Each structure stands twice: as C-alpha cells, then as structure tokens.
Amino acid sequence: MPARFTPKVVTANALLDGDAVWLTEDDRWSPLMSEAELITDEAHADLRLLQAKSRASEIAGAYLADARLGDDGPEPVHFREAFRTRGPSNYAHGKQTEVPSRT
Amino acid sequence: MYVYNDFDETFVRTRVAQFRGQVERRIDGSLTEDEFKPLRLMNGLYLQLHAYMLRVAVPYGTLNPAQMRQLAMIADRWDKGYGHFTTRQNIQYNWPKLGDVPDMLEALADVGMHAIQTSGNTIRNVTADHFAGAAADEIEDPRAIAELLRQWSTDHPEFQFLPRKFKIAVTGAAADRAVTRAHDIGLVVVRNDAGEVGYQVIVGGGLGRTPMVGKVLRDFVSKADLLPYVEAIVSVYNLLGRRDNKYKARIKITLHENGIETIRDLVEERFNAIRAGFGGYDQTLLAEIETSFAPPAFVTKATDGYKAARLANPAFRSWTDTNLSPHKAAGYAIVSISIKKHGATPGDATSDQMRVMADLAETYGHGELRISHEQNVILPHVHQSDLPAVYAALRKADLATANIGLASDIIACPGMDYCALATARSIPIAQQIATRFDALKIEHDVGPLKIKISGCINACGHHHVGHIGILGIDRAGVENYQITLGGDGSETTTIGERAGPGFSADDIVPAIERLVTGYLSLRADPSETFLQTYRRLGIAPFKTLLYPSEDKADAA
C-alpha cells in the first residue's frame with residue numbers, strides 16, 4: 001500500500017512584493033493561508049502545482065507545503081510555514097501587522 | 001577613500017540600466033523566474049521568506065558619510081527604515097519591492113556603491129580588517145589591494161561561473177580581525193627578510209557544512225606579483241573545482257581532495273604562464289589607488305579633557321574601556337559603535353542611527369566609517385579629546401552600549417526570521433542571551449567572549465569560530481540548537497568542538513548561562529579568558545556544566 005499522502009497547499013511568493021501567498025480553490029493568490037485550497041490527493045496536488053508555476057507573471061518559487069485542516073481553514077504543519085503566515089519575530093513587520101485577518 | 005573613476009561610474013550605471021530592463025521584462029511576463037533568477041542574483045537580489053532582500057556590498061567595509069546617509073535614505077524611501085549589517089561587511093535590506101530595486105541601485109550608484117556580485121558563483125565582496133588604516137599593529141593599510149581586487153574581480157569574464165562562490169579577505173596586521181583563515185583566499189600583509197612588504201597567501205579556509213582552516217600556499221608573494229598570483233589560484237580552481245556536487249564545490253574541498261602540493265604546483269605553473277600578460281598596468285593602477293587611501297591629516301590636541309571625563313563619568317569610562325582600540329596616531333583612538341544593544345537585533349541600525357553615525361564621522365572622524373564582520377560600525381579615526389562629545393551623541397541615538405568583545409556582542413545571521421535557507425531562528429536566541437547577561441550584570445567580569453549563532457549549516461553566523469558557537473537546526477520539525485566550544489576566528493583559527501546533544505529553544509539560553517557562570521569558577525584567575533580556560537582544561541568540565549543531569553546519572 002502506498003504511504004498515506006500528507007495534505008498540501010500550493011504556496012509561493014508574490015512577484016512584485018515577495019509576500020507569501022497561497023493558491024485558493026478559485027485560483028486566486030491569497031495572503032492568508034487559511035484561504036488556501038487544502039489538497040488531499042497527490043495527483044491533484046501535482047496538477048495544481050503545475051498550474052501555479054505557469055502563472056509566472058504573478059508569483060515566483062511555487063511549491064507544495066504540508067498542511068492540515070484547522071478551525072479556520074488550512075494551517076501549517078512545519079514551523080517554517082508557520083513563520084511565513086506571520087512574518088519575522090524581531091519586529092512587528094510583515095503579515096502579522098499588515099494583513100487584516102479574515103473575518 | 002577611493003572615488004569611482006569614469007570607468008567605474010559608466011560600468012555601474014550601465015549595469016543599473018540593464019537590470020532595469022530585466023525587471024521590466026520580468027514584470028511584463030517576457031522573462032520567467034528561471035530566466036530572471038540568475039540575473040537578479042548577479043545584482044544582489046534574493047527572494048526570501050517574506051519578501052525580496054537586497055544585499056549591497058560595502059567594499060572592504062569602508063564607507064564615507066555621504067554613502068552612509070544614502071543607505072539611510074534608501075532604508076526610509078524603499079524599505080522599513082533600517083538596514084542589517086552582515087558578517088561579510090555588506091548591508092541587507094529586508095523588504096524591497098521588485099519594481100523599486102532599479103531605483104535603489106541607481107541611488108547606490110549616485111554615491112559610488114553597488115550590489116554586483118553579492119551573490120552567485122563569483123568572487124564576492126572583498127572584506128578587510130575593519131581597523132585598516134588605523135590599527136596600531138598594522139604593517140600597511142590592506143584596502144588599496146582590496147580595491148584593486150574589487151576592480152579586477154568585478155565582471156571578470158573568466159570568473160563569472162565558478163564552481164561555487166569565492167570569498168577573499170585581507171588584513172594588514174598579524175592580529176587577524178578579518179577571519180582570513182576561514183576564506184577561500186586570505187591575504188595577510190607581511191614583511192620578508194629584506195624588509196619588503198608583501199603577502200602571505202592562505203587558501204582553502206571556509207566554514208559551512210565542512211569547516212576547514214585555510215592553509216598557507218605561499219609565505220611571501222611580492223606586491224607586484226599578487227594580482228597574477230591570485231588570478232592563478234582562481235583560474236586553477238575554476239578548472240579543477242568540482243561542479244558535480246554543490247557541497248563539494250568550494251576550493252577547500254578542491255584543496256583537500258588534490259592536496260596542497262598539487263594545487264601549489266598548478267598555481268605556480270599558471271602564474272608563470274599569465275604573469276607577463278599583466279604588463280605592469282595593475283601596478284600603475286595600484287599606485288593610483290594607494291593615493292586614495294593616504295592617511296588623513298591627523299592633528300595634535302591636548303587630551304586632558306578626555307582624561308578628566310573618564311574620571312568624572314563612570315559610564316563613559318566603562319564605554320572607553322570596552323569600545324576603544326589602540327590607534328597608530330598619537331592621541332587618537334578607534335571607536336567601535338556597538339549595534340548590539342542588549343535585546344536588539346544584532347547588526348540592525350535604523351536610518352536615524354545611520355545619519356547620526358555619518359554626522360559623527362564627518363565632524364569627529366576624518367570622514368570615515370567602517371562596517372565590521374562582527375556587525376558593528378567603526379569610527380576609525382577619532383581624537384581622544386573628541387571622545388566625550390562622540391559618546392554623548394551616541395548615547396542620544398541609543399548607540400552607546402559598552403559591550404564590544406563581550407558576551408552580548410553576538411554575531412547572528414538573519415536565520416529563519418528572514419532567510420529562505422535557514423533551518424531555525426537565530427535572532428531571538430541572540431536577543432535572549434544578551435538580555436539575560438545584561439540582567440545578570442556579569443559580562444564585564446566574564447571579559448572577552450565571542451558567541452556566534454548560525455541558523456543553518458551554511459554558517460553565515462560563523463558559529464564554528466565562536467568561543468561558544470550555536471547552530472540552529474530542524475530536529476524532527478522542532479527548532480534545536482547545537483553548541484560548539486573552543487572555536488577561534490583570529491590568527492590562531494580553530495574550529496569549535498561539538499559539545500553534545502542540542503537544546504530546545506527554551507533550554508538554550510539557560511545552557512549558555514551555565515557555561516558562562518561555570519567558567520567563572522573554572523578560570524585560574526580573572527585574567528584567564530573563556531577561550532584560555534577552555535584550552536587549558538579541554539571540553540570535559542564544560543560538558544559537565546552543559547549536561548549536569550547526565551553526569552549525575554552516570555555517577556548513580
């Protein structure tokens with residue numbers, strides 16, 4: 001039996017400002033990971049990554065990141081991805097101050 | 001200081017114009033990221049965790065006040081009002097927008113600066129002793145040769161696609177403040193038996209995942225031979241260095257795999273083949289460059305006021321005890337401005353602080369500033385009589401921390417707060433250690449201690465050569481910090497020894513505290529430094545300090 005597939009999200013950096021963004025089910029790039037499409041099928045994940053990479057004039061460096069379903073949508077599994085949803089820990093810069101949370 | 005000639009000016013402006021076009025083509029979709037990436041890296045532009053990052057070269061760590069003010073202006077106009085000084089004497093901006101970068105590069109060109117070759121498999125910014133031209137123990141100012149190397153290496157057609165990046169450091173003194181033995185090439189100014197000035201050439205040093213101390217390739221290379229000799233080394237490496245494995249591509253591995261004798265023979269052969277081709281033009285150029293680094297017109301003034309201020313103000317006295325170094329000119333001092341206030345991010349300066357430092361350099365420092373690889377800013381030429389005024393201005397700007405060379409003067413890379421390569425955070429660990437030692441009020445009693453933190457195996461934070469080194473790794477999805485002990489980045493360069501299992505983010509600061517307070521009871525007397533105690537006793541008693549419970553378990 002193949003190993004169980006860990007759910008994924010497609011993430012990248014926005015081309016113009018480098019901000020971390022996630023691919024939504026309706027093909028937007030959202031600055032909020034909670035709005036991302038949580039992908040539970042490996043073949044679908046590969047397809048979505050290919051589609052993301054083809055949008056070269058919007059983003060750079062697309063990849064699949066492990067995620068899990070939280071109360072408010074997809075959440076990071078690894079601390080690196082958690083930092084990308086917030087910003088640096090030494091200053092109140094980045095998403096933690098600049099992106100309004102989804103209400 | 002060196003001022004761009006017409007050639008430099010035209011070259012840098014042309015490069016900015018090219019990059020402007022490349023950015024436009026990337027934004028309009030004509031270039032893919034794969035096509036654009038090597039172009040942006042050639043111009044120092046990285047894509048990090050939260051944003052782009054622009055790395056600007058500060059050649060051999062030297063800045064004039066106008067350049068420092070321009071760095072402040074760039075921080076205000078296109079970034080978040082601060083800059084981060086790095087362990088290779090560069091400055092990094094953490095939040096530029098792609099479309100603004102050509103304007104930032106244009107603003108740099110306005111003051112004779114650039115971001116060329118601050119990335120990629122090229123010869124990087126040539127670094128130098130931050131006390132160059134001022135240090136009492138110096139044979140000769142190494143910056144003229146560093147500038148010659150900068151001109152030679154910039155866009156050198158043979159060396160744009162080396163097997164891997166290539167770093168050169170130079171020092172003019174026997175006391176090594178430029179970590180020359182941890183560079184691909186380290187150059188140390190020496191005198192031969194005839195009293196002539198030349199260079200000891202060290203190759204194959206480096207940190208990263210395979211740390212190695214550089215080896216002497218030649219004890220003495222004359223000034224006239226230096227450029228062809230260095231070119232011969234890079235040329236031999238360019239052909240011999242491995243391109244099949246990124247982790248085995250640095251010259252330290254080439255040297256290790258082929259042996260220093262083979263490399264030496266190949267370099268001599270290449271050197272003899274190319275030497276004549278230089279035709280003396282490099283020496284004409286060097287002579288011109290040397291005039292730009294003539295010492296400033298030092299003045300003679302009474303120093304009574306300085307002595308009186310020291311007696312009257314204990315805080316000023318403490319600052320002069322830690323933050324000054326001996327100057328070659330009578331009545332002068334080298335001032336190290338700590339960019340390491342307890343609890344602040346090591347190496348970060350606000351635009352206001354940059355302007356204050358620029359003003360001080362202009363008013364009291366013969367117009368010179370330096371960036372040190374230890375992430376501080378230096379005023380290399382300050383007359384002692386001006387020190388009370390300099391100190392007062394630094395205090396007002398929150399820049400008067402008296403901790404140079406002490407436990408809280410920590411080198412830390414940006415780590416996972418910014419860097420896409422990092423495996424753990426560095427900055428919060430540095431902040432917590434510095435805050436803890438400030439609360440304990442023991443760092444002046446502890447004395448000279450170098451703590452260096454890297455957030456990944458690439459070792460930008462020089463952890464291998466810290467008296468106490470800390471390496472942040474990802475251990476099963478959790479940040480974990482390994483400690484190395486006994487490292488040394490000076491003329492007696494030593495790679496630190498791994499102490500044992502790593503510590504969690506919560507446990508690392510108490511572990512460092514146990515090491516340092518434990519050292520106070522281990523040292524023979526207050527004059528014996530941490531490193532000297534370590535060398536006398538070895539790692540065992542320090543392991544006992546780090547892992548006390550295991551010791552008890554063994555005894556039970």
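A residue is termed buried at under 20% relative accessible area, exposed at over 50% and partly exposed in between (1.4 Å probe, protein chains only). The structure is a predicted model, in which local features need pLDDT of at least 70, side-chain atom pairs count only at pLDDT 80 or more, and totals for chains, interfaces and linings use all residues. Residues are numbered from 1 along each chain as its sequence is written, chains are lettered from A and ligands numbered from 1 in the order in which they are written, and side-chain values use heavy atoms, with hydrogens and water left out.

Salt bridges were assigned where a side-chain nitrogen of Lys or Arg lies within 4 Å of a carboxyl oxygen of Asp or Glu. Over all chains, 50 were counted. One of them joins B:Arg370 to B:Glu368, with an N to O distance of 2.6 Å. B:Arg370 is buried, at 0% relative accessibility, and B:Glu368 is buried at 7%. A further salt bridge, at 3.0 Å from N to O, links the side chains of B:Arg69 and B:Glu362. B:Arg69 belongs to helix α3 and B:Glu362 to helix α12 (residues 351-364) of chain B, so this pair ties together parts 293 residues apart in sequence. Helices (H or I, at least four residues) and strands (E, at least two) are DSSP runs, numbered from the N terminus. Both partners are partly exposed, B:Arg69 at 26% and B:Glu362 at 48% relative accessibility.

Nonpolar cores were defined as sets of buried Ala, Val, Leu, Ile, Met, Phe, Trp, Tyr and Cys residues joined through side-chain atoms within 4.5 Å. The largest has 60 residues, of which B:Met68 and B:Trp319 touch the most other members. Helix α3 (residues 65-78) of chain B supplies the largest share of this core, 6 residues. With neighbours within four places in sequence left aside, the contacts of B:Met68 (heavy atoms within 4.5 Å) include B:Leu63, B:Phe85, B:Met354 and B:Ile371. Another core, of 49 residues, lies apart from it, and B:Val12, B:Trp152, B:Val170 and B:Val189 are among its members.

In helix α17 (residues 530-537) of chain B, the buried residues are B:Phe530, B:Leu531, B:Thr533 and B:Tyr534. These residues lie on the same side of α17(B), because they cover an arc of only 160 degrees around the axis, taken from the directions from the helix axis to the C-beta atoms. They pack against β18 (468-475), β19 (478-485), β20 (497-498), α16 (508-522) and α18 (540-546) of chain B. Just after α17(B), B:Gly538 has a positive phi of about 80 degrees.
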